[in-house]
Amino acid sequence: NDEKTFKKEISKAFKELANKGFNRVTVQVRPCADAFYKSNYFPTSEYMFGYQGAKLIYDPLEIMIDTAHKYDLSIEAWINPYRVSQRNDFSLLAKNNIALKWQNTSKLIVLDNGIYFNPCYNEVTDLIVKGVKEILSNYNVDSLCFDDYFYPTTDASFDAAAFAESGATDRSAWRKEQCNLMVQAMYNAVKQANPKVLFGISPQGTLSGNEKQSADVQTWGQTAGYCDYLLPQLYFGFQNSTAPFAETAAFWAEQVTCPDVSLWIGICTYKIGQQDTWAGDGMTEWQTDSQVVSKELELLCNMDGIDGAAIYDYASTFQPESSVSEILSSERDAIQVLLQTPAN
C-alpha cells in the first residue's frame, strides 16, 4: 500500500477497535529478521513491498503508534525473535541481512520450513536485545511481546557441538536456560530503556507444546525478572480433546503465581465456521456452535487469576469470509457487551 491508503486503513481499523471496547492493539513489527520500521539491524520486511530490503518510503510503525494513541489504544509491538525466514532460501534475503554473514555457521538452524537463529549464541541474544533497544529508543510503544517461536525443533544435531562444549549434561534443561538468558536480557533492556513499557511473551497454549520448544513458561510465570505478562495462545474450543479451553485456561491460571506477572489469554476467531482438524472429539465444534468466542471471553471475565484477553486476529474478526459474516457480526456485538461491562 502507499502511505495515504495505509494511514486510511489503519485509522479505520483502530477506530473500529476503540468503538467496540478494545483498549489495546497488537501490531507485527518483526515477523522474521526484518522490520516494519526504520532499523539499523534488520532490512525492511518483504511483507511491506514484496521483497526484503526495499527502501522504506514511509514508516508503518510510526503511523500505527500515532493512530493507536489518537484513539486511546495502547499499542503492543509483536516480534518473532528467533525466526530469520519462513523459507529456507538464502537468495531471498536482503544483502544486509545478518543471516547471510552467518550462513554455513552453527549460529543458524536451517530446516525445511525456514531459517532460525540458534538461541545458544551470545551474538544472537545481543542482536535481539539491540533490535528491541532500537525500537524503544525510537518509538513510543506501550508494550513488546515475543511470539511463541523459541527452539524450532527438538533435533539434537544442530547444537551438538555447543552443547558438548558447555559441559551440561541435560540438553533439555540447557536449551531452556539459553532461552531464559535471552528473556532475562530482554526484560532488563526494556526496563532500562523505559520502566513503563511492558514486556510479554505469547507462548503456545499447552505445556507439552512449550516443552518441545524449550520455552520455560513455568519459570517465566512464577519468577520475577523475566516478563510482565504471559499471553498463551489458547486457540481451542471447549470440546478440544487434547486441550479443552476451560481446563486449559484454569491450568494457566495455576502456573502464573508471581505477583509481578499478569496472565492474559489469547483466543481466536479464525476457526469460526471451520473444521478444527486436531481437536479430536471437538472437530466440528466451531461449525456447530456460533458462540464459542463470546462464551470463552465470558468465562475469562469471570475466572480468578486471569487479567485480560486478546483476540486473534483483526481480519477474521472484522473482515470475515461471507459464509461466516453473520455469525461474526453477532459475536462482535456480544464481545462489545462483555468488554464494556464494568469489572466487578
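In what follows, Lys and Arg count as positive and Asp and Glu as negative, while His and the chain ends are not counted, and each charge is placed at NZ of Lys, CZ of Arg, CG of Asp or CD of Glu. On that basis the chain carries 27 positive and 43 negative charges, whose mean positions are 9 Å apart. The model is a predicted one, in which local features need pLDDT of at least 70 and side-chain atom pairs count only at pLDDT 80 or more, whereas totals for chains, interfaces and linings use all residues. Residues are numbered from 1 along each chain as its sequence is written, and side-chain values use heavy atoms, with hydrogens and water left out.

The chain holds 14 helices and 10 strands, taken as DSSP runs (H or I of at least four residues for helices, E of at least two for strands) numbered from the N terminus. The chain is as compact as a globular protein of its length, because its radius of gyration of 20 Å is close to the 20 Å that the globule rule gives for 344 residues; the radius is taken over C-alpha atoms, and the rule is 2.2 Å times the number of residues to the power 0.38. Of the 344 residues, 52% are buried, where buried means under 20% relative accessible area, exposed over 50%, and partly exposed in between (1.4 Å probe, protein chains only). Among contacts (heavy atoms within 4.5 Å) with a separation of 6 or more, 70% join residues 24 or more positions apart.

Glu-76 lies in strand 2, which covers residues 74-79, and is buried with a relative accessible area of 0%. What does the side chain of Glu-76 make a polar contact with at 2.4 Å? The partner is the side chain of Arg-24, and a further polar contact, at 2.6 Å, goes to the side chain of Thr-26; such a contact is a pair of N or O atoms within 3.5 Å, and within protein one must be able to donate a hydrogen and the other to accept it, with residues adjacent in sequence counting only if both atoms are side-chain atoms. Not counting residues up to four places away in sequence, Glu-76 also touches others, including Cys-145, Tyr-229 and Trp-264.

Val-261 sits in the loop between helix 10 (245-255) and strand 9 (262-268) and is buried at 5% relative accessibility.
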